[in-house]
Amino acid sequence: MTYQPIVPLSGYAGWKVLNRTMETQKAAFTASVTIQNDEEYFRENIGNVTSAEELVSDYRLLKVALGAFGLDDDLQNKYFIKKVLEEGTLDEDSFANKLSDKKYAALSEAFSFDFDPPNTVLSSFADEMIANYEERQFEIAVGDSDESYRFALNAQRELADLAAEDSSDNTKWYTIIGNEALATVMRTGLGLPESTSSLDVDQQVTIFKQKAQQVFGSDEVSQFTDEESVEKLIKYYLLRDQVMNGSVSTSSNSIALTLLQNAASFSARF
């Protein structure tokens, strides 16, 4: 049996409660029998795996490996994952590097089956993957109650690291757009319609940058190295998500929208 995280409130108020109880709830979740069984099997067996073929052939190992990168839905796509893992990431034209979702490249790089020996033989490898697995699976469990919190947790974990990367600003925006969870938080937080996601990627970058400038006073992703900026984005995301989904009263909708509009106007002036 797996512990189900509890979020008694919705919207930004619920987010604050979740953050205050995060440590206790995560400990209860990771202590669940199902999680412990998955982790014990992975820790005992991953060191013997030296090829992509061996990994994808073991359902229980692959479950943890993919779960550590938020790729749980690909558990049945063994040929696809094998190709991602075998080609590695050193060649910029490798399969993983061509995919817009950079989680595949992160998976491939972590296992490094294009090296001999791969990273699976390292003494620290199992613990690193298990820590990632626990983090991602907790997010999924929270998302079972409210998917907006899963996306918010993902943004809280990933956005600052992305913002700090040594790459061009446009590359960082492309990465956000290619990541469903990050793109959803950013798009909604900036007050953009969902239809924006159907536009050409370069158009999306232009629109995201223009809107970020209006709302946050900067069009650069690097601003999100600051925890307060990430929290502000998450707050805007959760407030707008509530309004869009009609999960607050009409009067509350008006208040939330007014606050967001005033905040955006203030940021644009300063």
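This is a predicted model: local features need pLDDT of at least 70, side-chain atom pairs count only at pLDDT 80 or more; totals for chains, interfaces and linings use all residues.
Buried means under 20% relative accessible area, exposed over 50% and partly exposed in between, with a 1.4 Å probe and protein chains only.

View 1. Residues are numbered from 1 along each chain as its sequence is written, and side-chain values use heavy atoms, with hydrogens and water left out. Of the 270 residues in the protein chain, 46% are buried. Along its principal axes the C-alpha trace spans about 60 × 45 × 30 Å.

**View 2. The helices of the protein chain.** The protein chain holds 14 helices and 0 strands, where helices (H or I, at least four residues) and strands (E, at least two) are DSSP runs numbered from the N terminus.

**View 3. D219 in its loop.** D219 lies in the loop between α12 (201-216) and α13 (227-245), and with a relative accessible area of 26% D219 is partly exposed. Leaving aside residues up to four places away in sequence, D219 touches D169, W173, K209, A212 and Q213, a contact being heavy atoms within 4.5 Å.

**View 4. D219 and T120.** These two residues, D219 and T120, are 99 residues apart in sequence, and their C-alpha atoms are 40 Å apart in space.

**View 5. Contacts along the protein chain.** Where contacts in the protein chain link residues at least 6 apart in sequence, 61% of them join residues at least 24 apart.
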